[in-house]
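Thank you for making time for this.

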Amino acid sequence: MKRSASKKAYQEALKYFPGGVNSPVRAFGSVGGSPLFIKKGAGSKIYDVDGNVYIDLVMSWGALMLGHAAPEVVRAVEDAVKLGSSFGAPTCAETELAKMIRDAVPSIQKMRFVSSGTEATMSAIRLSRGFTGRDKIIKFDGCYHGHGDSLLVKAGSGAATQGIPGSKGVSASLSRDTIVCPYNDIAYFRKVVAKQGKDIACVIVEPVAANMGVVLPGIGFLEEIRALTKKHGIVLVFDEVITGFRIHFGGVQTILNVKPDLTCLGKIIGGGLPIGAYGGRKDIMDHVAPLGGVYQAGTLSGNPVAVAAGIANLKALKKKDYAALNDKTAILCDGLEAAFIKAGVPVTVNRAGSLFTVFFTKGPVDDFKDAKTSDTKRYAKYFWSMLDQRINIAPSQFEAQFLSFSHTDKDIQAILNAL
Ligand SMILES: *Cc1c(COP(=O)(O)O)cnc(C)c1O
């Protein structure tokens, strides 16, 4: 397959951007080789600058539930931008989008729009600290919550209750305030909270983890976190930036029947435009300025073009058959698993709705430690083989794959045939 135009574009980009990209995973570091440069997208397909067409299972990392360039979203953006791209003043459309989100995610009584998932989680952490007057936070190993300083910490070996930064440039004092627990290990969590509960402002968790590959919460895991955080006056933050409007119309919290105090959203609520949101209990949200003393602001927050895209996207999604999409994903996952089993390749396929990961390990994969037993060299081979057959999957073992409403049965068959 011809990739010379992508290679040339990458050489040029390398002169301007660190690693040639504006977000690290795009550089194909964990699969080797150089990235595709994308020219356009339509429905389930993307087109690179060499003219190759691929079935896309990345879908802007899950933001595009309707597929690329969904006509209703394109139209909404065109209409909105003609009226002005930003005012730095309130618009009625923001309230309309907020109403749609609150109706779909009832634990969100009040919310704030920001411009990315990272901003949503950063703001939720600051708010939790301001609300409780406590400094420490708990996160789970392998969960990603954007690149805010407090959240770029994961457990290294020997880091029991003291965080080790997952990035240079994060100050030691901030790392010390982030406690990392293993996902799905409720006994560990219980111990940490028993010892330090009164110092902990919030617990932030992906209710279905999707940034170490897809990992499902075990039975009782989230319920017990909810009970313990309530008992100790700790704010429970669900990071639903990926899961929000992904598995059904609303948060995965509704399906799991666990109600957090705050929820972070992003990705799908902007339909491919930059937006994020955090919201939850009114008594907590009212601590945000100008009502309260927790400062948080944004020149482009509630941007009218992004909000218009979000409204159009959610309106369309509300009418969609999520169960059918989840079933379609199950068929794909069953097919993938069967093919690998037949070939004698050990795999574990984890799935939640239209999110899934094929881990190259015999499993089970219930936390980051399990995920890391995967054969990443084999994943790289799988990635390039699929790409050569015009299927674009995530360039890392530790990411989710995403189906959208634009993927057809024919696409599913093509993916299975390629495999
Ligand atoms: C993508 C993601 C984020 C960060 O969102 P950005 O818009 O990339 O800043 C935060 N949390 C989760 C769970 C995510 O998947």
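In which sense do strand 1 and strand 2 pair, and over how many bridges? Before I answer, please keep in mind that this is a predicted model, in which local features need pLDDT of at least 70 and side-chain atom pairs count only at pLDDT 80 or more, while totals for chains, interfaces and linings use all residues. Residues are numbered from 1 along each chain as its sequence is written, and side-chain values use heavy atoms, with hydrogens and water left out.

Now to the answer: strand 1, residues 38-42, and strand 2, residues 45-48, pair in the antiparallel sense over 4 bridges. Strands here are DSSP runs of E with at least two residues, helices are runs of H or I with at least four, and both are numbered from the N terminus; two strands pair if DSSP finds at least two bridges between them. The hairpin has 2 residues between its strands, and G43 takes a positive phi there, near 60 degrees. Across the pairing, K40 stands opposite Y47 in strand 2, and the charged end of K40 sits over the ring of Y47, 4.6 Å from its centre. For that description, NZ of Lys or CZ of Arg has to be within 6 Å of the ring centre and within 35 degrees of the ring normal.

Let me turn to the ligand. The residues around it are S116, G117, T118, Y144, H145, G146, E206, N211, D239, V241, I242 and K267, where being near asks for a heavy atom within 4 Å. By class, this shell has 3 nonpolar, 6 polar and 3 charged residues. Among the polar contacts, which are pairs of N or O atoms within 3.5 Å, a polar side-chain atom of T118 lies 2.6 Å from an oxygen atom of the ligand, and a polar side-chain atom of N211 lies 3.1 Å from a ligand oxygen. Y144 contributes through its backbone, with a polar atom 3.3 Å from a nitrogen atom of the ligand. The protein covers 83% of the 380 Å² of accessible area that the ligand has on its own, as computed by the Shrake-Rupley method with a 1.4 Å probe.

Strand 13 and strand 14 pair over 5 bridges, and R351 stands opposite F356 in strand 14.

Finally, some backbone details. A cis peptide bond joins A289 and P290, with omega about 10 degrees, and P290 lies in the loop between helix 10 (282-285) and helix 11 (304-318). The bond from G363 to P364 is also cis, with omega near 0 degrees, and P364 is in the loop between strand 14 (355-359) and helix 13 (368-371). S60, a residue other than glycine, has a positive phi near 50 degrees, and S60 lies in helix 2, residues 59-62.

Technical notes. Polar contact = N/O pair within 3.5 Å; in protein donor to acceptor, adjacent residues only side chain to side chain. Nonpolar A, V, L, I, M, F, W, Y, C, P; charged D, E, K, R; others polar.
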